[in-house]
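Hi,

Here is the model I promised to pass on.

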Amino acid sequence: MKIEIWGSRGSLPSPGPKTMRYGGNTATVLVVGDEGEHLVLDAGTGIRPLGLSIPQDVSRIDVLITHLHMDHLQGLGFFEPLFRPNVEVHVWGPPSITMPLQTRIGRYLSPPLFPVTLRQMPCRLELHDAEPYTRIGSLRVRSDLVCHPGPTVGYRITSPAGKVVAYLPDHEPALGVDPFPAAPEWTSGFDLAHRADLVLHDAQYTDDEYGTHVGWGHSSIRHLAAFAKLAEVRRIAPFHHDPSHSDAEVDALAAELGTLLPGIAVQPGAEGATFEL
Amino acid sequence: MAQLPVELILMRQLASYLATPIFLVGPKGELLFYNEAAEGVLGYRFDEAVELPLAQWIRAFPLFEIDSGKPLPAEHIPVVRALNERDPVHGSLLYERPGGDRVPVVVTAFPLVGQGGKVLGAAAIFWPASPQDAQK
């Protein structure tokens, strides 16, 4: 299983000289299974270049959206495979008891916010509520609601060889938990991340910044460290970098995380980074 | 124990910050949590009760009908009814505190339905009844 990061920024695209190394595109990750499955995690602005890179002979692509905040959805209309008539695109998103996913996504992908509607996309498009457990090709995909404002899921993808990548880009498991962490059963996201080989996880704030952003749905570096220890993860990629953080500031946060997590590999999420599991 | 649904985790977190007594059960009626304010009414710290199956916590917290003083059948306990009937339930009952005193308590219980439409558990808020409350 190969994992490629195409966008690791949170909240808002942040191009510019200070974000060259980690990149300014918002949350987008490609997972390619050993049998050629193409899973795209979130449809941030990184999905535009990602879509252009997908070979023309790929016949099915699954887009797994964690939630419908703009930084995770903004790129969807620019995902080039949506315009390929011979491609099956399955879009998965958090369930709702009030409105189908198509209607919720259609609020953005329709005039006046966007000129083309979902129904006009030439690909063979299917939308699904994320299932707690499903299989996409040879990959087992688990989703579960996590602590973040509005219905938000995280994903856990397991390869036939038993390798696991967990994706929790927007997650505030420490909200209202003092001291954090609580026991595993009372910790949001625990089952998704438990003993994963790689976890891409929200690391938006410094500890000081978190103090003025409690309840905004994101984690501080110390919260991420405590969560990673509790879940016994093997490798962690801090993700969803704050749009105001420069490359140097992301470096500093990653270094702090490394000191808090001796024995756990830390590799901050950067556009262009790849992982083989 | 597997991780609980995030809706229950958030409910516990909210309850732990409130001064309203709150009692939280899972989908089988098992006790998951009650907060400090509830400890004051029940007379036991949550640490002493921990997570008990329905059959055990209804013995640990003896409940009686407000009018007759007879033991309240499990299926009539408001939080159990809310769970089974998927509807809010309001009522009064007698609770026997440690030491044997029976105090009237007013309870409002409601089911916790998750985004998928599944009943994940139920919560009850409760408070000692005034004589007027107990007559309602």
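This is a predicted model: local features need pLDDT of at least 70, side-chain atom pairs count only at pLDDT 80 or more; totals for chains, interfaces and linings use all residues.

**Notes on the two chains**

In chain B, 37% of the 136 residues are buried, where buried means 20 or more other C-beta atoms within 10 Å of a residue's own, exposed means 12 or fewer, partly exposed is in between, and C-beta atoms are placed from the backbone. Residues are numbered from 1 along each chain as its sequence is written, and chains are lettered from A and ligands numbered from 1 in the order in which they are written.

**Chain B**

Chain B has six helices and six strands, in the order α-β-β-α-α-α-β-α-β-β-β-α along the sequence. These are DSSP runs numbered from the N terminus, with at least four residues of H or I for a helix and at least two of E for a strand. The radius of gyration of chain B is 14 Å, which agrees with the value near 14 Å for a compact globule of 136 residues (taken over C-alpha atoms; the rule is 2.2 Å times the number of residues to the power 0.38).

The six strands make an open antiparallel sheet, ordered β2-β1-β6-β5-β4-β3; strands count as paired if DSSP finds at least two bridges between them. Axes here are lines fitted to C-alpha atoms (for helices, over the stretch in contact), and angles run from 0 to 180 degrees between N-to-C directions.

Then there is α5(B), which lies across β1, β4, β5 and β6 of chain B and runs at about 20° to β5(B). In this helix (residues 78-85), Pro78(B), Val79(B), Val80(B), Ala82(B) and Leu83(B) are buried. Just after α5(B), Arg86(B) has a positive phi of about 55°.

**Chain A**

Chain A holds six helices and 14 strands, and 51% of its 277 residues are buried. Its C-alpha trace spans about 50 × 40 × 35 Å along the principal axes. Seven strands form an open sheet of mixed pairing, in the order β7-β8-β9-β10-β11-β12-β13, with β7 (133-136) and β13 (265-266) of chain A as the edge strands. Two bridges join β12 (residues 235-239) of chain A to β13(A), running parallel; Arg235(A) has Ala265(A) as its bridge partner.

**Core and contact**

Which residues have the most contacts inside the largest nonpolar core? They are Val165(A), Val199(A), Leu24(B) and Val79(B), in a core of 113 residues. Such a core is a set of buried Ala, Val, Leu, Ile, Met, Phe, Trp, Tyr and Cys residues joined through C-beta atoms within 7 Å.

The contact between the chains takes 17 residues from chain A and 16 residues from chain B, two residues being in contact if their C-beta atoms, placed from the backbone, lie within 7 Å.

Cheers
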